[in-house]
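This briefing covers the annotated active site and its surroundings. Please look over the sequence and the model before reading on.

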Amino acid sequence: MLQVYLVRHGETQWNAARRIQGQSDSPLTAKGEHQAHLVARRVSTVGITHVITSDLGRTRHTAQIIGTACGCMVINDQRLRELHMGVLEGRLIDRLTPQEEQWRKQMVDGTPAGRIPQGESMEELCERMRAALESCLMLPAGSKPLIVSHGIALGCLISSVLGLPAYAERRLRLRNCSLSRLDHQQSPWLAPGWIVENAGDITHLEMPA
């Protein structure tokens, strides 16, 4: 059985300001760095062998903290980037026009083929995220990889493992530095292949500082 751990990056300045990030970037806040250290401490004892991250700055910073704690080099994979949010990247959510808010909602409300102008569809996001996950099957036997990515991207990936379409309503909350796990296994009681062991665990973030 292959276990793949999933971590969303720590809180960023744009997260705190409610500004749309997509594939634009924003540095971690002090809180975000603290979150990264907490999740790093959580996974440092489970035997992580590879830390694979989106190549955006907020994920690379989070991944480096985890990699240091686990004694692993960090591998960049641009397939793990967040959904491209097109013309809305950098915009404050509270200041979108009605038309812009409609575009944004299409990415979370189950609209088939939804797409923000100049952005990416959920189907395109799902295709590259699944390809990155499948690449983990090529790692040496006994590997235990950890992937650092983004909220919408990881939610789409987990939902796809559950058999939902890429554009399905977004109902899985993945907070900053939450921890999830996907297993590739053969079980008499589950469908063969990828299964969701857990999703969105934040118990490590509620630990005393």
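Which residues does UniProt list for "active site"? The unreviewed UniProt entry lists H9 and E82. The two are spread over 74 residues of sequence, yet they cluster in space, with a largest C-alpha distance of 10.7 Å. Both H9 and E82 belong to the lining of the largest pocket. The model is predicted.

**H9**
- H9 sits in the loop between β1 (2-8) and α1 (13-17).
- H9 counts as buried because its relative accessibility is 2%, and buried means under 20%.
- Apart from neighbours within four places in sequence, the contacts of H9 include N15, Q21, T59 and T62.
- Further along the sequence, H9 is in contact with residues including V148, S149, H150, N176 and C177.
- R58 is also in contact with H9, and the side chains of H9 and R58 make a polar contact at 3.3 Å.

**E82**
- E82 lies in the loop between β3 (74-76) and α4 (98-105).
- E82 is buried, since its relative accessible area is 8%, under the 20% cut-off.
- Leaving aside neighbours within four places in sequence, E82 is in contact with residues including G22, Q23, L56, E120, L125 and R128.
- Other contacts of E82 include G151, I152 and A153.

**Contacts of both residues**
- R58 is among the contacts of H9 and among those of E82.
- H150 is likewise in contact with H9 and with E82.

Definitions and conventions. Residues numbered from 1 in each chain as written. Predicted model: local features only at pLDDT ≥ 70, side-chain atom pairs only at ≥ 80, totals over all residues. Heavy atoms only, no water. UniProt positions renumbered as here; feature names shortened; annotations may be inferred. 1 Å grid on protein atoms, 1.4 Å probe; cavity = no way out; pocket = protein on both sides within 12 Å on 5 of 7 lines; lining within 4 Å. Helix = DSSP H or I, 4+ residues; strand = E, 2+ residues; numbered from the N terminus. Buried < 20%, exposed > 50% of the residue type's maximum accessible area, 1.4 Å probe, protein only. Contact = heavy atoms within 4.5 Å. Polar contact = N/O pair within 3.5 Å; in protein donor to acceptor, adjacent residues only side chain to side chain.
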